[in-house]
Amino acid sequence: MNAPSNPATALTGEPIEVNVGLGERAYDIVIGRDLLADLGARIAALRPGCKVAIVTDETVAKHHLAATEAALKAAGVEASRVVVAPGEASKSIGVLERVCDAVIGARIERGDLIVALGGGVVGDLAGFAASVVRRGIDFVQVPTTLLAQVDSSVGGKTGVNTAHGKNLIGAFHQPILVIADTALLDTLPEREFRAGYAEVVKYGLLGDAEFFDWLETNWRDVFKGGPARGNAAAPREYAVRKSVEAKAEIVRRDERETGDRMLLNLGHTFGHAFEAAAGFSDRLLHGEAIGLGMALAFEFSARRGLIPEAQADRVIRHLAAVGLPTRIQDVPGEPFSLDTLMNLIAQDKKVKRGALTFILVRGIGASFIARDVEASDVRAFLSDKLAGA
Ligand SMILES: NC(=O)c1ccc[n+]([C@@H]2O[C@H](COP(=O)([O-])OP(=O)(O)OC[C@H]3O[C@@H](n4cnc5c(N)ncnc54)[C@H](O)[C@@H]3O)[C@@H](O)[C@H]2O)c1
Ligand SMILES: [Zn+2]
């Protein structure tokens, strides 16, 4: 193999296209800088004569709505807009109702489109609205956070939260197009970028050791972004591409998460417990919880003799270098209670008949679904970690 030493430099200035091969539900994810300008033309090519309703949040609207509307207008695509409050609270039945009413009020018919312009909150909300308005209309994802570009915009999971928990009402509804304009990430606060980066690292850790190696060397350039389209070396675009390819391949194999798609939950069983215990608040963002969760999944795998401790150390070193939490003590605020964490882990939907299911590793890039993990082993492990071991 004579692979270039830095595969990102092999990219051309052309946008990258990754196809999600789902038969009649297949779609393209287009990745590159400054792609938003082509949104109208791409939509008009896919659905000549269609109208669109843009769903976005106030923060994203401030930065990127005008450019989105201009891009649609330039291609003669008529657009209306629905702007929701930023934040997880907008993933609710109440806001869903508002979005659906606005979309219907804008005379969006079968054959027209919803455009989800925003992070995972807007994508999940707008995608779910698209799945139910007039029994289902098409939608396009324009993800504006790193998390949304590498994770939530791909794969068709949509939904809202209920008082009982996150994402409990929803549908599988695939977009017809995803436009991942990496320049939109330039306005994203660094903390949000870093949280999304945890999911990028996840793809390396779960199935691609070479990608993890590359990230260890190039992560600073991924964060930095740029330069403009036309320059060959584009580490951010490469990182998004590798992530999306990994997710697309897993989704293709297992669209409805009955098997392999579970591997995408690496770091998520531990991570969700901390995220929930922190009240889904600013104290610990989802990606931060996943950084911590992946560190714990590697340490737990080491404790079970699946990997040498040095490998867990290497993973933790990288996560810590970018500024993600890797020790429970890194999370600010009150100490976590072991009972609370264990209850949350037991409630996690990945529990089957009492035994716990975890995604563990036999190496960097070698994750597997471990069923029948004894709760007592997890408890002993977390007890040590809470004590600072
Ligand atoms: N559907 C899936 O497969 C899937 C996968 C992972 C996560 N999710 C969901 O995604 C959600 C989290 O997504 P998120 O992390 O993108 O959060 P988010 O959508 O809340 O965005 C984070 C914050 O960044 C702001 N923002 C977004 N883009 C910006 C930009 N370009 N510039 C400046 N600010 C910007 C938003 O207004 C918000 O305040 C959760 O609800 C989670 O359940 C879904
Ligand atoms: Zn996640």
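This is a predicted model: local features need pLDDT of at least 70, side-chain atom pairs count only at pLDDT 80 or more; totals for chains, interfaces and linings use all residues.
The shell around ligand 1 holds 26 residues. Among these, E88, G120, T144, T145 and T187 come nearest to the ligand. By class, the shell divides into seven nonpolar, ten polar and nine charged residues. Several secondary-structure elements contribute. Helices α2 (58-74), α4 (120-132) and α5, together with strand β8 (165-172), each supply at least two residues of the shell. The largest share comes from α2, with four residues.

Polar side chains approach ligand 1 at several points. In D57, a side-chain N or O atom is 2.8 Å from an oxygen atom of the ligand. Nitrogen atoms of ligand 1 are also approached. A polar side-chain atom of D124 lies 2.9 Å from one nitrogen atom. For T187, the distance from a polar side-chain atom to a nitrogen atom of the ligand is 2.7 Å. T187 is also listed with the nearest residues of the shell. Taken alone, ligand 1 exposes 870 Å². The protein buries 87% of that area.

S152 belongs to helix α5, which spans residues 146-152. This helix is one of the elements that supply at least two residues of the ligand shell. S152 counts as buried because its relative accessibility is 16%, and buried means under 20%. Leaving aside residues up to four places away in sequence, S152 touches G120, D124, Q141 and L147. G120 is among the residues nearest to ligand 1, and D124 places a polar side-chain atom 2.9 Å from a nitrogen atom of the ligand.

Technical notes
Residues are numbered from 1 along each chain as its sequence is written. Chains are lettered from A and ligands numbered from 1 in the order in which they are written. Side-chain values use heavy atoms; hydrogens and water are left out. Buried means under 20% relative accessible area, exposed over 50%, partly exposed in between (1.4 Å probe, protein chains only). Contact means heavy atoms within 4.5 Å. A residue is near a molecule or strand if one of its heavy atoms lies within 4 Å of it. A polar contact is a pair of N or O atoms within 3.5 Å; within protein, one must be able to donate a hydrogen and the other to accept it, and residues adjacent in sequence count only if both atoms are side-chain atoms. Accessible areas come from the Shrake-Rupley method with a 1.4 Å probe; for residues, only the protein chains shown count as cover. Ala, Val, Leu, Ile, Met, Phe, Trp, Tyr, Cys and Pro count as nonpolar, Asp, Glu, Lys and Arg as charged, and the others, Gly among them, as polar.
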